[in-house]
Amino acid sequence: SPSFWVSNGVMLGWILLVSVFARMYLVRRHEIKERVGYPYVEGDIKWDSRATVVYPLICTAAGFFAGMFGVGGGIVKGPLMLAMGVHPKVSSASSACMILFTSFTATTSFVVFGLLDMDYAVICMSLGFVATLVGQIGLFYLMEKFQRNSYIAFSIGGIVLLSAILMTIQSLISMADRGGPSEAAGLCAGKQ
């Protein structure tokens, strides 16, 4: 419907407007910091004119692919933040926060549309909490014992690798069950 496209156009216009103003603000702050000789610490991001274009574009692509393939954006952005030089503890915490909100939003959508099987939901939620608790305790123990933050980076990389492998296996199994790739559906199929 036209109202759908208008509302999406307004939303995208608003996002672009806010992004332009945020970029101008960050570049101006970076220039001031450079002029006064601001001492950056480990994990600080230098929001210069290049970083304020490259990282948002990468995050936009990450969000697009996360939505297309059904993975949380935090799984994609965790390694990105590590590549940006963000401290591993900050990257891990930020990724966890993003995953919390994207998971909550997805779960709410499933509940609203009546697609959530409560039996699976209780089991998966319980398993998620227990796995998170065990992972946090184990990682905290390793970091305290060996005084290394690299375990966080390795755990993020391992989770991304495991997700990619499991998604590939699931796709291959689905294609084998249907006898090959499925035909286009939704927007790609046109009118049905």
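## Ground rules

Helices here are DSSP runs of H or I with at least four residues, strands are runs of E with at least two, and both are numbered from the N terminus. What you're looking at is a predicted model, where local features need pLDDT of at least 70, side-chain atom pairs count only at pLDDT 80 or more, and totals for chains, interfaces and linings use all residues. Residues are numbered from 1 along each chain as its sequence is written, and side-chain values use heavy atoms, with hydrogens and water left out.

## The overall picture

How many helices and strands does the protein have? The tally is six helices and zero strands, so, by the DSSP runs used here, reading from the N terminus gives α-α-α-α-α-α.

Let's call two residues in contact when they have heavy atoms within 4.5 Å. Taking contacts between residues at least 6 apart in sequence, 47% join residues at least 24 apart.

A helix has an expected span of 1.5 Å times one less than its number of residues. Helix α1 covers residues 2-36, and its 35 residues reach 51 Å from first C-alpha to last, close to the 51 Å expected. After α1 comes Gly 37, with a positive phi near 75 degrees.

Helix α4 takes in residues 88-112, and its 25 residues reach 36 Å, close to the 36 Å expected. α4 is followed by Gly 114, whose phi is positive, near 70 degrees. Helix α6 runs over residues 150-178, with 29 residues reaching 42 Å, close to the 42 Å expected. Gly 179 follows α6, and its phi is positive too, near 85 degrees.

## Buried and exposed

A residue is buried under 20% relative accessible area, exposed over 50%, and partly exposed in between (1.4 Å probe, protein chains only). Of the 192 residues in the protein, 14% are buried. In α4, Pro 88, Ser 91 and Ser 95 are buried. Over in α6, the buried residues include Ile 152, Ile 156, Ser 163 and Ser 174.

As for surface, accessible areas come from the Shrake-Rupley method with a 1.4 Å probe, and for residues, only the protein chains shown count as cover. The protein exposes about 14600 Å², with carbon and sulfur atoms supplying 71% of that.

## The cysteines

A disulfide is a pair of cysteine sulfur atoms within 2.5 Å, and by this rule the count is zero. Cys 59 is partly exposed, at 24% relative accessible area. Cys 97 is also partly exposed, with a value of 38%.
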